Amino acid sequence: MATLTEVESVVIRFSGDSGDGMQLTGTQFSNTSAIMGNDIATFPDYPAEIRAPQGTVAGVSGFQLHFGSREIFTPGDEADMLVAFNPAALKVNLKDLKKGGTILLNLDAFTDKKIEKAGYESNPLEDGQLDGYQLIEVPVDSQTAEALKDIDLDTKSKKRCKNFYALGMTYFFYHREMETTLDWIEKKFSDKPELLKANQTAMKAGANFAETLETIVSTYKVSKAKIEPGVYRQINGNTSTAWGFIRAAQAANLPLFLGSYPITPASDILHELSKYKEFDVKTFQAEDEIAGICTAIGAGLTGSLAITTTSGPGMALKGEAIGLAISYETPLVIVNVQRGGPSTGLPTKTEQSDLYQALYGRNGDSPLIIVAASRPNDCFHMAYEASRLALEHMTPVILLSDGYVANGTEPWKIPDVDTLYASIKHKMLDPETVDKENWSWITRDPKTLVRDWAIPGMEGLEHRIGGLEKDFDTGNISYDPANHQKMCETRQKKVENAANNIPLQEIEGDESGDLLVISWGGTYGSVEMAVRALQKEGQKISLIHLRYIHPMPKNVGDLIKNFKKVIVPELNMGQMVHVINAKFACNATAYNKVEGLPFKISELKEAFSNALKEAQND
Amino acid sequence: MTKENNSHYTKKDFVSDQEVKWCPGCGDYAILSAIQSAMAQLGRKREDVVCVSGIGCSSRFPYYLNTYGYHTIHGRAAAIASGVKTANPDLSVWVMTGDGDSLSIGGNHFIHVLRRNMDMNIVLFNNQVYGLTKGQYSPTSVRGQVTKSTPYGSLDRPFSPAKLAFGASATFIARTTDTNAKQIEAIMLEAEEHRGTSFIEVYQNCVIFNDGCHSDYAEKKSRDDHSIILEQGKPMIFGGEVKKGLILDKLTLKVVELGDAYSEADCLIHDKTNEMLASLLVAMDANASMPKLYGVIFAVDDVIYNDQVTAQIAEVKAKKGDGDFNKLLHSGDTWEIKA
């Protein structure tokens, strides 16, 4: 007799060919779970090729989701259940399944030919390699066809309903309510009644079939999570980024302009912003990365909140233009949704290896502000902050996101934007109030060193700006040695002054202890969960997670002083760790991984435990 | 487009306070002076004029023009100007560029701004050499040109800027020379009048690195025999002592002497709106024995990128109303967690 087990959290991974609809299936499961009151986190993992050869490991597309009755920060280390639509999906994902976990597999796809195509030398269902796992073998293709036999639809279209059949099964195993997904199907296929009926029928048939397995398979219940009251929605990082910019433009009362060239994994920001013309958003799909940033610079000079979005390879191409924006002292936000590098690298995989590029990747002494988003729903806040800092300090700002944050989806408590994101005070002049005789375009606020923003159309403020060095007083071209020194110092100081305009660094845990973890960007979820787990065990470990990278909050140095040891986990070969050591000489150690995947909580726990032991033995 | 009566402007209003630093004798001086004169007659307020340049001798231009001016980076003027114009379509945008700036390092932006038909004017100073980097060959240098980087002669085939622009779907193609200030002025005014991208090639002499490169068809003493000034609806005739004309022989343009065999009536009549004719005219550059063409070679109306951006926003707003951010935040599936 099967059991109903109450569990705190569950990780499911849906996996199949890239055309099997795995992203859709996973999204439906996570939406339903969020609406049912669970906290969730998701991670889509799809191949760079749009349709890699069917049935091969290269073509496997996965979607992992983690839902629970407690706070969920990551999509989970290992899956409790793997849904494998074909042998290749099984081959790729088995290593990420918990020992003793459940495999729901599509038996119809385990033909000799497909098993061989996946690269197996023998049939994994027969050679004993799945011993110890709980197998649910279901001929999904044929059972879907059988369930849809009375529907007037071609065989191919019917076959494509198999993902909903499997989804129906998982809904039964995890006691999910089907209404949300059935409603979604209803809306999606409202003009194709046969497809609507087929997909709904397949889903219900899957759930009904799962019920017949009840005697042999356990089902699980995950209660509602304790979540801060409020109205919630799901949001992924790229959408959240796009919306942050729309809000920032409103708060600054400026039009929004995006100049961009499509690149994975940043393109969705372009797609998203191109929808919102009713918000006066202009999106310009440029002929190349350079034109992407150059059109944005042009729009910024003309009085728009100007944005360009890209990923690492595109950043490399934008370098000279970023320098120009620094030299112009013009507002601009550059988003780098990082992916694995170098070169084309791993386009669809996550990494945070472009920190050095953001800090140093230009000719000359060319300082700018850098901020980084910590999780999908933080992208909204950091996009707003990047815009605010660009407009208030007349400088380019780099916002670092990454593939994991950009594509990850999580619930978001909808903020009260009318109080929290209401006003950005940019530097645009009112020409009526300017003493035009004594004004030059380079007139600065003596305290912040921020220059005035005068734009074409303002009578009497016509001026010329170039990338050549400028005289500190007049803004005219100057090759004077002492002036160049002064201008370099001014640009540097101006950016450093932004430290007075960002929040102090928060620390999670005690303000002193054995080990301080310093992380940044998209690793927040796993780092936070690992630190918290060790804190629960009584370890003297605390976390500072940096979102303001350059300049850093003014108290970071003071926070570091009260710990015996500092460790910096990063998804690169060690970049922030060197920045921290150069700035604070704290002899921080590094924990690095560059596998194109996020950190697992377990590996961080282990790394931090080892560092704690060293700190305690010192 | 806001047009103001600006009869109070004179050329002086467009002269900036910066000392002009081109080499003595440079063709750029004549172009600057003619464009400053044209600016005073544009019918645009000075503060609504934006001049954008890349890198190179010609790209110093914005510093000397008393309007809003942006000296940018090599090759990118057209891209930055595209951002300026898209963000604020009410501005009169001028790109000042050279053969190196627009045709090699900035080639991509050059063709795409023309393809989009962004409403702006692009003035390309063609001196067939790199001046600011001190004398290497450029993408318009003639094959065999001896320069610092080609001591045995260049091997590259040159671009014809007009033909390239035509291939990139330009809607306005004109040509003039630094030896004819009056013509520069007139063409600039016609370019500003044209809606869409106006491309103007200006033959410009580099006294230091490529002196005399255009003299046959640009210098007063020889140009009548080596160039045709195109006028809409007029026959294509030219020549000093001996009058010559351009005729169409099957599908080939030919120069003939006017007299017993041919008369003015046999010559081609210029029609700047005729695309087939334009395709033949821009191809003439490839043949060194053919006369050079001055004036407006091609001018047609077509959809303009920045107009469409404005129209699309208006259309969406008419349908959806102004954006409501709180409505956006609450769109799709939401759920409430109660205290």
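Student: What percentage of the 339 residues in chain B are buried residues?

Tutor: Buried residues come to 48% of chain B. A residue is called buried if 20 or more other C-beta atoms lie within 10 Å of its own, exposed if 12 or fewer, and partly exposed in between, with C-beta atoms placed from the backbone. Bear in mind that this is a predicted model, where local features need pLDDT of at least 70, side-chain atom pairs count only at pLDDT 80 or more, and totals for chains, interfaces and linings use all residues. Residues are numbered from 1 along each chain as its sequence is written, while chains are lettered from A and ligands numbered from 1 in the order in which they are written.

Student: OK, and how many helices and strands does chain B have?

Tutor: Chain B has twelve helices and 14 strands. Helices (H or I, at least four residues) and strands (E, at least two) are DSSP runs, numbered from the N terminus. The C-alpha trace of chain B spans about 100 × 50 × 45 Å along its principal axes.

Student: Which residue in chain B has a positive phi without being a glycine?

Tutor: B:Lys250 does, with phi at about 55°. You'll find B:Lys250 in the loop between β11 (244-249) and β12 (252-257) of chain B.

Student: Is B:Lys250 buried or exposed?

Tutor: B:Lys250 is exposed, because it has 5 other C-beta atoms within 10 Å.

Student: Which strand of chain B does β17(A) pair with?

Tutor: β17(A) pairs with strand β2 (residues 68-71) of chain B, in the parallel sense and over three bridges. Pairing requires that DSSP finds at least two bridges between two strands. In β2(B), B:His71 is the bridge partner of A:Gly466.

Student: Now the sheet in chain A. What's the strand order of the seven-stranded open sheet?

Tutor: The order is β11-β10-β12-β13-β15-β14-β20, with mixed pairing. The edge strands are β11 and β20 (548-550) of chain A, each of which pairs on one side only. From one strand to the next, the twist averages 20°. β10(A) and β11(A) run parallel and are joined by five bridges. In that pairing, A:Phe257 stands opposite A:Lys282 in β11(A).

Student: What lies across β12 and β13 of chain A?

Tutor: α11(A) lies across β10, β11, β12 (305-310) and β13 (332-338) of chain A, at about 170° to β12(A). α12(A) lies across β12, β13 and β15 (396-402) of chain A, at about 160° to β13(A). Those angles run from 0 to 180 degrees between N-to-C directions, and axes are lines fitted to C-alpha atoms, for helices over the stretch in contact.

Student: Where's the cis peptide bond at A:Pro265?

Tutor: It joins A:Thr264 and A:Pro265, with omega about 0°, and A:Pro265 is in the loop between β10 and α10 (267-273) of chain A. Another cis peptide bond joins A:Gly341 and A:Pro342, again with omega about 0°. A:Pro342 is in the loop between β13 and α13 (355-360) of chain A.

Student: How many residues of α14(A) are buried?

Tutor: In α14(A), 15 of its 16 residues are buried. The helix covers residues 378-393 and reaches 22 Å from its first C-alpha to its last, close to the 22 Å expected at 1.5 Å a residue. That expected span is 1.5 Å times one less than the number of residues.

Student: What follows α14(A)?

Tutor: A:Met394, with a positive phi near 50°. A:Met394 is in the loop between α14 and β15 of chain A. A:Met394 counts as buried because 25 other C-beta atoms lie within 10 Å.

Terms used:
Two residues are in contact if their C-beta atoms, placed from the backbone, lie within 7 Å.
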